[in-house]
Amino acid sequence: MILTGNAIAHEVQVGNIVIEPFESAGINPNSYNYHLGSVVKTSPHLGLDATHPEEWICTEIPSAGLVFEPNRVYLGTTIERIGSDKFVPSLIGRSSLGRLGVFLQISADLGNLGAFHNWTLEIVVTQPIRLYAGMRCGQVTFWQPEGDIALYDGVMARHSDAHESIASAIFQQPVEIIS
Amino acid sequence: MILTGLAIASQVVTNRIDLDPFDPAQVNPNSYDLRLGDTLGLYESHELDTARDNPMRYEQMGPEGAVLEPGRITLGHSVEVVGSDHYVPIIRAKSSVARLGLFVHVTADLIDIGSHGQVTFQFHAVQPVHVYPGMLVAQVTFWVPRGAITLYDGKYQGSRGPVGSQIASEKPSRD
């Protein structure tokens, strides 16, 4: 079951969902709006390698906004710290930006129970577009799970900055091959 | 909880789900197929700005259809009016369309409860892809909500045809 906006507000109030800062104006009928943080990261290299740590460059979005260019991924963050031990978060874009061709993540919309952090956004644009720090850029939904819960204690929940891929770290872990 | 196709069909009969026109042939095991309407919308400028109006031009497709080009966003629309005051609609591409590299939405699959209108598709083509009016291009699922419902009353209510982003009309929510 997906929580309605009223249910999200109630669960924030009783502490089952964390959204900080929280404002009632951010409530939609069945989601909550998050906002774009001011720092984005991008790689100077066109080719990326999942097995090697990449060099990423931080850019502060100026008050006049920043034109995001197609054919590269930008990593941003939500201004809000978001998480829950009770409801599964799913973070998506919003139609007002989707209509302008702005992807807010790349088919990785699912959060983990027990992960509390400022989410890293994987921003891809289809046409050059000017985005502004602090703008309302997407929405998060919360879903009631079924079953016993083992909370997330993975590495990504420790990051609240725009954090680059740790695919290389995952790749270097010993892999057990079952034959 | 996601509604099965049979549940969707029965909720259409009792007017708890809007799918108009409704054709039982478009019911899937757990979704309903949406057809592509005949109008496309394209932004006039290559560079867009979320703080300004981005003027659009509209193109009418004949039966010969149109080629959606990569490197730009093209808006389309469903033939069907979609909505519900009781369930949350979420749209998806048809897998046959996704297999051609065509995104039908841009990480905005969620429709607000209480929103009723033709769905605006956010087409992003990975390779040039030819589409035709009337083709089954997307599907809509319906999800049971938990909690008190406040119905959508926003700027896209009652949409017909492809509707461009109204983001520039929003008051900045933060300084």
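1. A loop residue. A:Leu46 sits in the loop that lies between strand 5 (39-42) and strand 6 (57-60) of chain A. Is A:Leu46 buried or exposed? A:Leu46 counts as exposed because it has 7 other C-beta atoms within 10 Å, and a residue is exposed if that number is 12 or fewer. In sequence, A:Leu46 and A:Arg72 are 26 residues apart, while their C-alpha atoms are 7.4 Å apart in space.

2. The structure is a predicted model. It scores ipTM 0.94 and pTM 0.93. For chain B the average pLDDT is 96, and 97% of the residues score at least 70. Where pLDDT is low, the predicted coordinates should not be read in detail.

3. Chain A as a whole. Chain A contains three helices and 13 strands. Of its 179 residues, 39% are buried. Take the contacts in chain A with a separation of 6 or more: 76% of them are between residues 24 or more positions apart.

4. Helix 1 of chain A. Which residues of this helix are buried? They are A:Gly5, A:Ala7, A:Ile8, A:Ala9 and A:Glu11. The cover over these buried residues includes strand 1, strand 2 (17-20), strand 3 (27-28), strand 4 and strand 13 of chain A. Chain B takes part in the cover too, through its strand 13 (145-146). Just after the helix, A:Gly15 has a positive phi of about 90°.

5. The contact between the chains. Chain A puts 44 residues into the contact, and chain B puts in 42 residues. On the side of chain A that touches chain B, the elements that each supply at least two residues include helix 1 (5-13), helix 2 (95-98), strand 4 (31-35) and strand 13 (136-143). Strand 1 (2-3), strand 10 (102-103) and strand 12 (129-131) of chain A also supply at least two residues each. By residue type, this side of chain A divides into 19 nonpolar, 21 polar and four charged residues.

6. Strand pairing across the contact. Strand 12 of chain A and strand 4 (residues 48-49) of chain B run parallel and are joined by two bridges. In this pairing, A:Arg130 stands opposite B:Asp49, which belongs to strand 4 of chain B.

7. The nonpolar core. How many residues does the largest nonpolar core have? It has 77 residues. Those with the most contacts inside it come from both chains: A:Val102 and A:Leu104, together with B:Leu102, B:Val104, B:Phe123 and B:Val137. Strand 12 (residues 136-143) of chain B gives the largest share of this core, five residues.

8. A sheet in chain B. Three strands of chain B form an open sheet in the order 2-12-8, with antiparallel pairing. Strand 2 and strand 12 of chain B are antiparallel and joined by four bridges. B:Leu34 stands opposite B:Ala138 of strand 12 of chain B.

How values were computed:
Residues numbered from 1 in each chain as written. Chains lettered and ligands numbered in written order. Predicted model: local features only at pLDDT ≥ 70, side-chain atom pairs only at ≥ 80, totals over all residues. Contact = placed C-beta atoms within 7 Å. Nonpolar A, V, L, I, M, F, W, Y, C, P; charged D, E, K, R; others polar. Pairing = 2+ DSSP bridges. Buried ≥ 20, exposed ≤ 12 C-beta atoms within 10 Å, placed from the backbone. Core = buried A, V, L, I, M, F, W, Y, C linked by C-beta atoms within 7 Å. pLDDT = per-residue confidence, 0-100.
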